[in-house]
Number of protein chains: 4
Amino acid sequence: MQPATNPVPHQGRQFLSDNAAPVHPKVWDAMRAADAQDAPYDGDAVSARLDAHVTALFGRECAVLWVATGTAANCLALATMCPPYGGVVCHREAHIEADEGGAPGFYLHGAKLLLADGPSAKLTPDTVRVVIDPIRDDVHQVQPHAISVTQVSEYGCAYKPDEIAALRRLAHERDLGFHVDGARFGNAVAYLGCSPAEAIGGADALSFGFVKNGGMNAEAIVFFDTARNPDAAREARYRRKRAGHLQSKGRFLAAQIEAMLTDDLWLENARAANHAAASLAGAEDRLMHPIEANEVFLRCTAAERELLRAQGFGFYDWGADAARFVMSWDASPDAATALGEAVSRL
Amino acid sequence: MQPATNPVPHQGRQFLSDNAAPVHPKVWDAMRAADAQDAPYDGDAVSARLDAHVTALFGRECAVLWVATGTAANCLALATMCPPYGGVVCHREAHIEADEGGAPGFYLHGAKLLLADGPSAKLTPDTVRVVIDPIRDDVHQVQPHAISVTQVSEYGCAYKPDEIAALRRLAHERDLGFHVDGARFGNAVAYLGCSPAEAIGGADALSFGFVKNGGMNAEAIVFFDTARNPDAAREARYRRKRAGHLQSKGRFLAAQIEAMLTDDLWLENARAANHAAASLAGAEDRLMHPIEANEVFLRCTAAERELLRAQGFGFYDWGADAARFVMSWDASPDAATALGEAVSRL
Amino acid sequence: MQPATNPVPHQGRQFLSDNAAPVHPKVWDAMRAADAQDAPYDGDAVSARLDAHVTALFGRECAVLWVATGTAANCLALATMCPPYGGVVCHREAHIEADEGGAPGFYLHGAKLLLADGPSAKLTPDTVRVVIDPIRDDVHQVQPHAISVTQVSEYGCAYKPDEIAALRRLAHERDLGFHVDGARFGNAVAYLGCSPAEAIGGADALSFGFVKNGGMNAEAIVFFDTARNPDAAREARYRRKRAGHLQSKGRFLAAQIEAMLTDDLWLENARAANHAAASLAGAEDRLMHPIEANEVFLRCTAAERELLRAQGFGFYDWGADAARFVMSWDASPDAATALGEAVSRL
Amino acid sequence: MQPATNPVPHQGRQFLSDNAAPVHPKVWDAMRAADAQDAPYDGDAVSARLDAHVTALFGRECAVLWVATGTAANCLALATMCPPYGGVVCHREAHIEADEGGAPGFYLHGAKLLLADGPSAKLTPDTVRVVIDPIRDDVHQVQPHAISVTQVSEYGCAYKPDEIAALRRLAHERDLGFHVDGARFGNAVAYLGCSPAEAIGGADALSFGFVKNGGMNAEAIVFFDTARNPDAAREARYRRKRAGHLQSKGRFLAAQIEAMLTDDLWLENARAANHAAASLAGAEDRLMHPIEANEVFLRCTAAERELLRAQGFGFYDWGADAARFVMSWDASPDAATALGEAVSRL
């Protein structure tokens with residue numbers, strides 16, 4: 001769900017979203033350094049190094065493609081898993097269902113999202129089975145071809161390694177592809193304290209997000225080496241060009257990703273954001289979802305929200321009786337602490 | 001929902017579906033007569049007469065296109081109302097959502113079905129508003145462009161003239177197209193006893209079904225003259241060809257439709273089917289939905305269903321605790337009566 | 001190319017097209033007999049027998065799907081061979097390029113037709129290589145995934161067994177699917193005097209046409225058992241439903257196909273049509289293409305065409321200086337002879 | 001056509017392409033300044049100013065959308081002009097036909113490119129008429145809905161104001177949209193010395209390119225106020241999101257465009273590139289196309305190309321007997337002069 005209003009934030013006490021935050025200085029530096037490269041598209045040296053970086057990070061062979069947005073990353077990954085006449089199981093509140101303007105319908109040529117439930121926007125094997133078990137192998141019904149989970153979920157909640165592994169096992173048992181939307185993957189790994197590989201549970205593909213975590217406009221699609229579709233990365237390269245997402249100076253995207261992966265900047269930024277969010281952990285009775293990443297959803301009345309805004313805090317309403325606070329990589333610890341205190345005083 | 005099993009029916013006591021029934025003798029006669037025509041595609045004299053027939057029937061100017069299936073009729077009609085990036089509001093159990101193998105996704109190039117609720121698979125203005133009112137004019141959210149209702153609904157229930165008119169008014173107030181899926185439109189009009197025009201409530205387009213009502217393989221798409229999209233029929237002709245639905249000997253489809261419209265054969269057949277269904281009206285306590293057309297949904301246990309099948313009745317299970325009986329235009333009144341008695345004895 | 005004008009023919013001397021001809025009596029009989037069947041979709045006994053019929057005819061395992069039009073047959077077959085981001089090589093004057101209203105673009109989700117040349121609308125390995133050899137494995141260029149040939153071609157010319165086999169070998173060497181559009185396949189086999197298998201040269205799929213050859217509205221898509229895409233028929237069944245081409249009373253289509261295959265009615269009808277066309281073989285100096293099937297293209301002036309029409313002959317102009325005569329399965333031998341004589345007298 | 005080989009250039013004598021050149025310092029500055037903004041998507045102040053900038057530049061009301069690539073710009077513009085069942089007339093060597101991996105087929109849902117000829121990859125009213133005049137209003141044939149021209153063309157040649165105006169008039173006479181692909185629009189205006197408005201001849205939409213002219217990854221789609229489709233910009237915004245081209249930190253794209261438009265940097269850069277290209281104007285006998293922008297196509301043998309490369313010049317082969325030299329905004333005048341002399345000495 002996209003927030004409904006867009007109040008003007010007071011600088012420094014801005015908790016509207018992580019998707020408008022500044023670009024990290026190290027990302028800027030890497031982009032400037034890439035200016036000297038001169039190969040077009042993804043023929044540059046930085047792009048060429050990404051496979052090795054991500055392979056090392058996950059301990060699994062993989063191929064990495066950059067794109068400008070998470071929407072493109074998700075859709076290009078899913079298009080390698082699901083034919084136009086198939087379906088992708090996702091949570092009813094997943095970003096691909098609720099916030100991407102119907103992009104999966106476009107990229108997957110009319111394939112269908114098959115909507116499942118689960119607490120805090122997380123799927124479980126049981127909620128997936130409720131959706132797929134009644135589907136007969138009958139041409140009147142759209143057949144599932146993939147499962148997509150969001151790590152962390154739309155409500156900032158993380159799948160634990162065994163939870164996501166269980167979903168991946170279900171997927172592969174049923175011959176379904178398994179995709180992880182990792183728009184806030186750094187926040188997940190920072191929270192879980194596990195390896196990146198554990199946090200995706202053996203997925204076939206990952207949308208590895210950097211824009212919400214200090215990048216400018218580069219996300220990675222990671223295709224892991226898999227017997228399921230060994231040709232996925234190659235296919236995705238053709239689809240990326242066809243979608244207008246192959247940038248001619250792609251080195252500037254590759255440089256962002258490389259900077260984020262260097263010395264674990266992606267984890268460092270995510271930890272800072274998560275840490276700021278944890279400042280609100282004291283408001284247990286108001287919490288709609290556990291705080292496991294950099295998003296906090298609090299029950300609070302319109303009057304209470306007005307009080308907070310009067311103190312200069314910027315955030316989005318979440319329906320009539322709640323508010324969403326998102327902490328960016330550059331969130332001021334002081335401001336977060338002040339917000340926590342202000343909430344406690346409500 | 002497509003029934004899950006396909007038991008072999010006993011001839012004469014067959015209530016599995018109306019979509020496999022024989023072709024009415026008058027339809028056969030008209031098809032044979034059309035053999036003498038020799039113009040290709042829809043250039044024949046019979047095709048040319050359809051506009052006038054349907055215009056007279058509804059008392060509104062309209063253009064009529066034949067196609068072979070209700071799926072094609074629904075999708076071609078909706079494609080004139082909703083762009084690829086838009087959405088069509090329909091009931092969660094509508095045929096276009098549940099039984100057409102994702103055809104709207106194909107024909108509308110990834111447009112989305114926006115699912116609403118309502119008793120007996122009928123929408124109401126309120127249930128539609130629950131879906132469309134929260135949608136902001138925001139590119140992240142798929143915007144509604146049309147409403148599609150099914151007359152009669154998937155559960156054989158009819159929208160009364162004021163009910164369907166209220167939905168059409170809501171549609172037009174919100175600048176949405178209004179489409180009626182009339183796969184069993186004859187059964188609706190036969191039940192309602194109103195005019196065909198009243199039964200569609202001022203729709204922009206109607207999928208006028210004949211296959212379930214004594215035809216072989218011809219359905220009509222009716223585009224009513226409307227300021228909303230004056231070019232709809234012309235567009236649909238291009239889309240029909242592109243979908244491979246322009247038959248070169250189209251006169252055989254036109255002939256079926258003309259035969260059904262002649263001397264109100266469509267109403268006569270529908271009345272016969274409805275009448276047979278009414279034989280089960282005594283089983284009020286078992287009825288899941290009121291009997292308003294030619295479909296009857298009865299609560300009954302597996303053991304009870306076995307008893308009925310042992311008496312030679314053919315029907316589909318409907319989930320674990322119910323059965324669906326569909327009466328065709330050629331349903332034997334005796335068999336229907338016998339079924340009613342058998343149900344009473346359960 | 002669709003002919004540009006539609007003059008009213010004089011009954012009996014009609015050579016406008018084979019796609020508006022009457023339905024053969026044996027086809028009518030088979031359709032009437034199918035009325036007694038009562039299984040929906042393709043669950044009937046006639047549909048079930050088609051695989052065996054066609055497997056016997058070609059001496060290769062195959063799966064058969066009926067659809068109403070050649071456009072749907074071609075597109076559903078090609079959709080199993082070529083992804084949305086790929087291309088299909090065909091002749092510049094092929095039906096899929098010139099006469100199907102862009103249907104391949106719809107069914108293949110924007111895949112591209114890669115146009116090759118060749119005399120009499122027939123491809124050759126050399127003309128195909130001219131198109132595909134310059135295509136680099138580069139995402140900026142659409143890659144070929146299949147070759148589609150028309151047997152007989154748009155100009156009524158047949159690929160000899162070694163010609164079509166050479167194209168098929170080229171296709172498979174380059175890892176391309178090989179499809180035969182057989183809208184007039186009967187005319188090809190009748191002319192070539194070879195086996196049906198030889199006439200397709202080892203194709204992966206065939207659009208086997210019956211409508212122009214005495215059928216009403218049933219064409220077969222034949223998927224041969226192949227290591228290339230063992231799942232093709234299954235995929236096509238899902239795509240067929242999604243395209244609205246799964247008819248609920250499909251037995252009437254299956255019956256047409258079975259009737260045509262019984263006692264080689266398809267060959268008998270094609271021979272009659274070819275024989276009638278051969279009546280014009282005397283006009284060698286006027287022939288634009290050799291007469292190898294049931295179509296004749298003659299150079300003749302507007303004045304000459306007027307002379308022929310004054311004698312009651314119906315045909316289409318073919319550009320400014322030519323005419324097309326198409327002989328149907330029911331062409332009157334006398335009328336054909338009379339036409340031949342009239343042409344000689346010009 | 002994409003060049004076939006990718007030789008390693010010697011720094012400073014690099015004439016491979018303008019699409020890998022460095023980013024102009026003023027663009028960098030603007031991007032850094034945008035970091036302080038914090039509104040997501042296109043809600044920032046820089047994005048908000050673009051309409052006014054471009055309206056002033058062309059003297060016509062317009063709406064401006066940023067996207068990352070020319071492919072996306074072209075396709076989103078064309079999608080507002082042509083339905084899925086229609087066609088877009090373009091030159092046989094246009095970028096949308098030859099170099100975008102089938103992107104128009106994707107974005108326009110299978111619409112067709114209708115290919116026309118003309119010298120130096122420029123259309124003329126006559127060559128367009130050759131394509132569209134034979135198309136009858138017949139559903140078997142794809143109807144034209146738009147014309148797309150490239151200013152400057154694939155061969156670096158400019159449409160003069162009266163030439164492009166004549167094409168626009170033809171388009172509007174035939175009720176076709178008129179789109180200008182301006183990937184190198186700056187080079188066109190710099191060469192023509194006319195106003196930007198004259199250089200597009202009254203187009204409905206312009207893809208205004210900056211990436212090849214000193215930008216990083218921002219192009220503008222300009223929708224001019226027109227009675228033809230007053231809703232085009234609004235539609236395009238929905239399509240942009242759905243294509244994954246709405247970046248969450250869009251201010252960095254807007255900033256690039258604003259920097260390029262400020263003090264006519266776009267013209268200044270284009271003039272520098274054109275000037276460098278003019279250094280080769282002495283080689284008249286080798287020129288394949290007049291030098292009107294920043295691209296030079298020279299006939300030269302493989303041996304001659306080797307000689308040039310031995311002197312450190314980087315460029316692409318253009319087929320077997322030619323070479324393409326592209327001058328970037330930062331081309332060294334000395335190197336260009338040296339190249340001109342080296343060519344003269346061949």
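Two salt bridges are found across the interface of chain B and chain A, a salt bridge being a side-chain nitrogen of Lys or Arg within 4 Å of a carboxyl oxygen of Asp or Glu. In one of these chain B to chain A contacts, the side chains of Lys112(B) and Glu97(A) form a salt bridge at 3.1 Å, N to O. On the side of chain B that touches chain A there are five nonpolar, eight polar and six charged residues. In this classification Ala, Val, Leu, Ile, Met, Phe, Trp, Tyr, Cys and Pro are nonpolar, Asp, Glu, Lys and Arg are charged, and the others, Gly among them, are polar.

The model is predicted: local features need pLDDT of at least 70 and side-chain atom pairs count only at pLDDT 80 or more, whereas totals for chains, interfaces and linings use all residues. Residues are numbered from 1 along each chain as its sequence is written, chains are lettered from A and ligands numbered from 1 in the order in which they are written, and side-chain values use heavy atoms, with hydrogens and water left out.

The table sets out two interfaces. Contact means heavy atoms within 4.5 Å. Buried area is the accessible area (1.4 Å probe) that two parts lose on being put together, summed over both.

| Interface | Residues in contact | Buried area | Share on carbon and sulfur atoms |
|---|---|---|---|
| Chain B and chain A | 19 residues of chain B, 19 residues of chain A | about 1500 Å² | 46% |
| Chain D and chain A | 50 residues of chain D, 50 residues of chain A | about 4000 Å² | 51% |

Between chain D and chain A there are zero salt bridges. Helices H1 (25–34), H3 (70–79), H5 (103–107), H10 (232–242) and H11 (251–261) of chain D each give two or more residues to the side that touches chain A; helices are DSSP runs (H or I, at least four residues), numbered from the N terminus. H5(D) gives the most, with four residues. By class, this side of chain D has 22 nonpolar, 18 polar and 10 charged residues.

The whole structure holds 10 cavities of 30 Å³ or more. A cavity is a set of points on a 1 Å grid over the protein atoms alone where a 1.4 Å probe fits but cannot get out, and lining residues have an atom within 4 Å of a point. A volume is the space filled by probe spheres set on the points, which are joined across faces, edges and corners. The largest cavity has a volume of about 100 Å³. Its lining includes Phe106 and His109 of chains A, B, C and D, and by class the lining has four nonpolar, six polar and no charged residues.

Key: On a 1 Å grid over the protein atoms alone, a cavity is a set of points where a 1.4 Å probe fits but cannot get out, and a pocket is an open set with protein on both sides within 12 Å along at least five of seven lines; lining residues have an atom within 4 Å of a point.
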